[in-house]
Amino acid sequence: MPKEMKIKAKVKDGITVVKTIMYHPMESGSRKDADTGELVPAHFIKNVQAELNGEVIISAEWGTGISKNPYWSFEFEGGKPGDTIEISWTDNLGKSGTGKAVVK
């Protein structure tokens, strides 16, 4: 199974910073294939959420304006070293991905 994402989470001065790269083609549905001239079908991450130790701390709805292999970063208060961050996404075709990291 291919790697779906890379996550790093680190606490500094009481703020936890999470950085994520999600591996996804993120096709808008408006780009034409260079060889055929046909539109490449839309394929994009629709929903993404992050959990801290099983509790949702942030969620977002995305659209077609996000680039391939999107980078997502956010900060929050209350995390500590050893906590688990889990990030999951679902795309417009019903596929999903998930990844976990331990806060350092």
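1. The model under discussion is a predicted one.

2. As to the overall arrangement, the chain holds seven strands and zero helices, and its pattern along the sequence reads β-β-β-β-β-β-β. Taken along the principal axes, the box filled by the C-alpha atoms is roughly 50 × 25 × 20 Å. The chain has 104 residues, of which 33% count as buried. Among contacts in the chain with a separation of 6 or more, 52% come from residues 24 or more positions apart.

3. The pairing of β3 with β4 is antiparallel and rests on six bridges. Within this pair, Gln49 is placed opposite Ser59 in β4. The two strands form a hairpin with two residues between them, and Asn53, in the turn, has a positive phi of about 50°.

4. Strand β3, residues 45-52, also pairs with β6, in the antiparallel sense and over seven bridges. Two of the facing positions may be named: Ile45 stands opposite Asp91 in β6, and Asn47 stands opposite Thr90 in β6.

5. The remaining pairing of the sheet brings β6 and β7 together, antiparallel, over seven bridges. The hairpin of β6 and β7 has four residues between the strands, with Gly94 taking a positive phi near 85°.

6. Which residues touch the most other members of the largest nonpolar core? They are Val18, Met22, Trp72, Ile85 and Ile87, in a core of 20 residues. Two or more residues come from each of β1 (5-12), β2 (15-22), β3, β5 and β6. The most are given by β3, with four residues. In soluble globular proteins, nonpolar side chains tend to be buried together.

7. Trp72 and Phe74 are both buried. With residues up to four places away in sequence not counted, Trp72 touches Val18, Lys19, Thr20, Met22, Val48, Gln49, Ala50, Ile58, Trp62 and Ile87. Among these, Val18, Met22 and Ile87 are named with Trp72 as the residues that touch the most other members of the core.

8. Trp72 also belongs to an aromatic cluster, together with Trp62, Phe74 and Phe76. The count of aromatic pairs comes to three. One of them, Trp72 with Phe74, is tilted, with 4.9 Å centre to centre and 45° between the planes.

9. Apart from neighbours within four places in sequence, Thr20 is in contact with Met5, Lys6, Ile7, Pro70, Tyr71, Trp72 and Ile87.

10. A further residue of interest is Asp83, located in the loop between β5 (71-77) and β6 (84-91). Asp83 counts as buried because its relative accessibility is 5%, where buried means under 20%. Its side chain makes a polar contact of 3.1 Å with the side chain of Asn53, the turn residue with positive phi in the hairpin of β3 and β4. The side chain of Asp83 also reaches the backbone nitrogen of Lys80, at 2.9 Å.

11. Leaving aside neighbours within four places in sequence, the contacts of Asp83 are with Leu52, Asn53, Gly78, Ala101, Val102 and Val103.

Definitions and conventions:
Residues are numbered from 1 along each chain as its sequence is written. This is a predicted model: local features need pLDDT of at least 70, side-chain atom pairs count only at pLDDT 80 or more; totals for chains, interfaces and linings use all residues. Side-chain values use heavy atoms; hydrogens and water are left out. Buried means under 20% relative accessible area, exposed over 50%, partly exposed in between (1.4 Å probe, protein chains only). A polar contact is a pair of N or O atoms within 3.5 Å; within protein, one must be able to donate a hydrogen and the other to accept it, and residues adjacent in sequence count only if both atoms are side-chain atoms. Contact means heavy atoms within 4.5 Å. Two strands pair if DSSP finds at least two bridges between them. Rings of Phe, Tyr and Trp (its six-membered ring) pair if their centres lie within 6.5 Å; planes under 30 degrees apart count as stacked, over 60 as edge-to-face and the rest as tilted. A nonpolar core is a set of buried Ala, Val, Leu, Ile, Met, Phe, Trp, Tyr and Cys residues joined through side-chain atoms within 4.5 Å.
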